[in-house]
Amino acid sequence: MRLSRRGLLRAGLAGTAATALGGLASGCAVPTGSTGRNMVLWYWSGGLSDTVVKNAKARYDSAVELRAVQIGGYYRSKLITTMAGNAHIPDIAGLKGEDMASYLPNADQFVDLRTLGAEKFKSQYLEWKWDQGIADDGSMIGFPIDCGPVAHLYQYDVFRKAGLPYEPADVSAELNTWEKFFAAGERLKKRLPDTDLLTDITSVFENAVNQGSERYVDRDRHFIGDRQHVRDAWALAVEAKRRGIVSNLVSGTPDQLSAIESGKLPSQLGASWATFDLKTGVPRTEGRWRVADMPVRPANNGGSFLSVTRACREPERAFEIITWILNAANQAQGYLDAGLFPSTPASYGMRQLREPDPFFGGQVTTDVFGPAAQKIAVAYNSPYDIALGQPVKDEIKNVGVLGKDPEKAWSDAMSKCRRIAKHLGVSY
C-alpha cells in the first residue's frame with residue numbers, strides 16, 4: 001500500500017492548474033443537477049465519513065433523496081469535464097484542498113455560500129482554513145471539511161535506544177528548531193548506522209515552505225518562488241542531504257514500508273492523516289509510535305471543501321446538508337472514520353478525539369494536532385501555485401534521489417518557472 005495518499009494527486013496538475021476551468025460555460029441555461037426530490041453529492045473515497053454520509057441520507061430523507069456518489073480516478077478532471085459538458089452536474093461537490101486555488105478564478109460556477117448564510121458559521125471554523133475557500137472577489141465557494149496539520153511522528157523505542165529525547169513533550173521541546181532536528185538525525189545515524197531520520201529531503205523542503213505565509217505567486221500575479229522564503233527552504237533540504245540524515249528510498253514504495261516496519265526509518269514529518277496511513281500501511285508497528293511538534297512551527301498538508309454548484313435547484317437545502325455534515329460532532333466522526341482532522345476547533349475536546357490511541361502508545365494525539373491546526377500561518381492560495389511550484393519540487397527531489405548538484409538544480413528550476421510564468425501571464 002502507498003504510505004501517502006496525497007502523492008499522485010500532483011500528477012498532471014502542473015500544466016493545467018491555472019486554466020482548468022477556463023472553458024466552462026458561464027452558467028446553466030437548463031438546470032442539470034437535482035430533479036424533484038433528488039440531490040446528488042460527489043466526493044471521493046475517504047473524502048467524507050461514510051457514517052456521516054449515511055446519517056445525512058437518513059436525516060434528510062423526508063425532504064430530499066440524497067444520492068452520495070464516490071468518484072474514482074482523477075476526481076478533479078471528472079468534475080471539470082462534467083461541468084463543462086453542462087449535464088449530470090452534482091448539486092454538492094467536494095473540492096480537494098490541493099486543487100482549490102484552480103477553482104477560485106471560476107467562482108461563478110458555484111453558489112456564493114455567503115448568500116446562503118455562511119458568515120454565521122465562520123466563528124466555528126479555523127480562520128485560515130475558512131479563508132482558503134474564498135475567491136479574490138470575496139465570494140465563498142468552499143465550506144471547510146478537514147485540515148492537515150503536520151507533526152513529528154517517531155518511534156519511541158528507537159529514539160530511546162539512540163539516546164535521543166523520546167517522550168513527546170521532550171521531543172517537542174528539544175527538537176524545536178531545524179538545527180536541533182538535524183543534529184538529532186546525526187546522533188541517530190551515529191548510534192544506529194543503518195537508521196535514517198527521514199525518507200527524503202522533499203518533506204523538509206515542502207514543510208518548510210508550508211510553515212510560512214508565502215508560496216510561489218502573490219496576489220498581484222508576481223512569481224515569488226525565487227525569493228528568500230523558498231531559498232531558505234531549499235537550503236534546509238540540501239543541508240539535510242549533506243548531513244546524511246535522509247535515506248535513498250522513495251516514499252510509498254515497499255522498500256520504504258519495510259524500512260519503517262524494521263525501525264530503520266523511525267521518524268517522519270507527517271500530517272494528521274498520515275497517522276491513518278501508518279495504521280494501514282505498517283500495522284505491525286502498533287504501539288511503537290508517538291507524536292510531537294514539528295520543528296519551529298506547524299505546517300499544513302491537505303484538507304478539502306464542499307461546494308454547491310450553480311446547477312443545484314435547491315441551494316438552500318444543499319447548504320443545510322453541508323453545514324450539518326460538517327458540524328463539529330460530525331467532523332469528529334470524520335476523523336475517527338477517515339482521518340479527516342477537523343477544521344472545527346470545538347471538535348478537539350470531544351470525547352471521540354480524547355481517547356488514547358493504542359497505535360501511538362496510548363497517547364491522545366489530538367493534544368498535538370489540535371494546537372498545531374490553530375497555529376497555521378495564513379498564506380495566499382494562488383491558482384498558479386501548483387504550476388509554478390512543481391518545477392522547484394521536482395528539482396529538489398532530483399537533488400535528494402539522484403544526487404543532482406543543488407546549484408544546477410536550482411538554476412534549472414528557475415528556468416522552467418520562467419517559461420511557465422510567461423505562458424500563464426505571471427510576471428517574473
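Helices (H or I, at least four residues) and strands (E, at least two) are DSSP runs, numbered from the N terminus. The structure is a predicted model, in which local features need pLDDT of at least 70, side-chain atom pairs count only at pLDDT 80 or more, and totals for chains, interfaces and linings use all residues. Residues are numbered from 1 along each chain as its sequence is written, and side-chain values use heavy atoms, with hydrogens and water left out.

On a 1 Å grid over the protein atoms alone, a cavity is a set of points where a 1.4 Å probe fits but cannot get out, whereas a pocket is an open set with protein on both sides within 12 Å along at least five of seven lines; lining residues have an atom within 4 Å of a point. Points are joined across faces, edges and corners, and the space filled by probe spheres set on them is the volume.

Two cavities of 30 Å³ or more are present, and the largest cavity has a volume of about 90 Å³. Its lining comprises 14 residues, with Leu326, Asn330, Gln331, Gly334 and Leu340 nearest the centre. At least two lining residues come from each of α1 (50–59), α13 (328–338) and β10 (341–342); α13 gives the most, with three.

The second largest pocket holds about 860 Å³ of space. Among its 38 lining residues, Gly97, Gln132, Arg215, Asn381 and Asp385 are the closest to its centre. To this lining, α4 (127–132) is one of the helices that supply at least two residues, and α4 gives the most, with four.
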